[in-house]
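Subject: Structure for your review: the ligand site

Dear colleague,

Please find the structure below for your records. My notes on the ligand site follow it.

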Amino acid sequence: MKNVEIIGTGSYVPDRIVTNDELSKIVETSDEWISSRSGIKERRISLKENTSELAAKAGLRAIENAKLEAKDIDLVIVATTSPDAFTPSTACLVQAIIGAENAVCFDVSAACTGFIFALNTATQFIKTGEYKTALVIGSEVLSKIMNWEDRTTCVLFGDGAGAVVLREGSNGIIKAYMGSDGVNSKFLYCPAVEVGNPFAAEIAKIESKISMNGREVFKFAVKAMDNSIKNVLEASKIDIDDIDYIVPHQANIRIIEFVAKKLEISMDKFFVNLHNYGNTSGATIPLALDEMNKKGMLKKGNKIILVGFGGGLTWGAAIIEWTM
Ligand code: ACO
């Protein structure tokens with residue numbers, strides 16, 4: 001089996017910043033409620049660009065950071081829960097925008113855990129020698145599937161994209177773990193279209209909007225992150241004391257604090273940027289990783305845990321060594 005490493009990161013967020021105060025003009029809420037319950041202060045909202053455009057911009061930046069060209073990429077995987085279309089895949093649209101003419105392209109659907117699932121999928125392909133260089137992107141325009149009248153969800157999410165380039169090389173992706181539980185899928189749900197055709201009885205129109213049981217998701221999230229972190233540590237035989245950073249899915253600061261306390265890990269190890277972006281679902285982890293990379297926080301040899309949870313339900317983690 002080949003080894004796989006991250007050789008570039010990139011991200012892109014729309015320019016438009018929407019503050020909690022602005023949201024309080026749309027729904028009955030306040031900066032105080034949103035900040036104290038979630039830690040979120042503002043988020044980016046796309047006014048025009050769709051998921052593939054955000055993804056392409058983040059992807060190009062990751063390719064540039066890797067000092068490669070788009071034609072060097074032979075696999076593009078986009079993790080998204082808010083694709084442009086049923087078909088083509090967002091990854092195929094990205095391929096056309098960036099000119100990754102030699103790549104095979106497809107999407108992965110695992111909501112907020114999507115990036116971990118996509119990273120692990122690409123890693124397996126490179127490990128077996130099927131592909132050499134992969135562009136893995138998490139991209140979301142969640143604002144288009146938000147119910148802007150539902151204060152329990154619309155204050156939590158944002159739009160953005162993050163990407164990494166993976167390549168055969170050193171042992172950078174040490175271990176990954178994924179889990180799913182379809183039985184509890186209704187805790188976080190966004191329907192597509194209803195069944196309807198000339199032969200079926202008329203069915204009430206459904207709206208493609210996110211709904212969430214916040215309390216149940218909170219309980220699930222804490223368990224899922226705890227379980228995922230423990231799993232990758234045990235499987236890689238790495239001690240938590242040897243971990244430099246944990247990059248968690250950025251949904252809610254209280255979930256992260258809860259997990260830190262439960263696992264007796266200092267909050268200093270957790271990288272948090274949700275106050276600026278809110279929950280960008282599949283994009284939060286690569287967006288955070290790119291910010292850390294740009295800030296020069298990541299040193300060669302650093303060991304990092306990426307950990308997420310989301311709709312599906314899905315959860316997972318990856319333990320990586322920084323080799324750039
Ligand atoms: N502004 C003001 N009041 C609000 C708002 C709001 N935006 N939203 C809800 N409330 C009210 C509720 O109506 C309720 O009022 P009531 O007591 O009169 O009924 C009260 O605030 C408390 O509501 P709770 O739901 O109990 O609030 P809680 O403290 O649980 O916080 C939250 C809600 C932030 C959603 C929390 O449950 C949470 O973070 N859950 C996890 C959510 C999450 O992580 N989702 C994404 C994960 S998966 C993915 O990323 C796709």
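A polar contact, as the term is used here, is a pair of N or O atoms within 3.5 Å. Please bear in mind throughout that this is a predicted model.

By that criterion, an oxygen atom of the ligand lies 2.8 Å from an N or O atom in the side chain of His249. A nitrogen atom of the ligand is 2.9 Å from a polar atom of the Arg151 backbone. The side chain of Trp33 also takes part, with an N or O atom 3.3 Å from a ligand nitrogen. On its own the ligand has 1000 Å² of accessible area, of which the protein covers 76%.

The surroundings may be described as follows. The ligand is located in the second largest pocket, and 24 residues surround it. The closest of these are Arg37, Cys112, Arg215, Asn252 and Asn279. Sorted by class, the shell comprises 12 nonpolar, seven polar and five charged residues.

Which elements each supply at least two residues of this shell? They are the helices α2 (31-38), α6 (151-154), α7 (214-236) and α8 (253-262), together with the strand β12 (303-310). Helix α7 contributes the most, with four residues.

Finally, as to the position of the ligand in the overall fold: domain 1 (4-170) and domain 2 (175-321) both give residues to the shell, and the ligand therefore lies between them.

With kind regards

Methods:
Residues are numbered from 1 along each chain as its sequence is written. This is a predicted model: local features need pLDDT of at least 70, side-chain atom pairs count only at pLDDT 80 or more; totals for chains, interfaces and linings use all residues. Side-chain values use heavy atoms; hydrogens and water are left out. A residue is near a molecule or strand if one of its heavy atoms lies within 4 Å of it. A polar contact is a pair of N or O atoms within 3.5 Å; within protein, one must be able to donate a hydrogen and the other to accept it, and residues adjacent in sequence count only if both atoms are side-chain atoms. Accessible areas come from the Shrake-Rupley method with a 1.4 Å probe; for residues, only the protein chains shown count as cover. On a 1 Å grid over the protein atoms alone, a cavity is a set of points where a 1.4 Å probe fits but cannot get out, and a pocket is an open set with protein on both sides within 12 Å along at least five of seven lines; lining residues have an atom within 4 Å of a point. A molecule sits in a cavity or pocket if more than half of its atoms lie within 2 Å of its grid points. Ala, Val, Leu, Ile, Met, Phe, Trp, Tyr, Cys and Pro count as nonpolar, Asp, Glu, Lys and Arg as charged, and the others, Gly among them, as polar. Domain bounds come from an automatic or database domain assignment.
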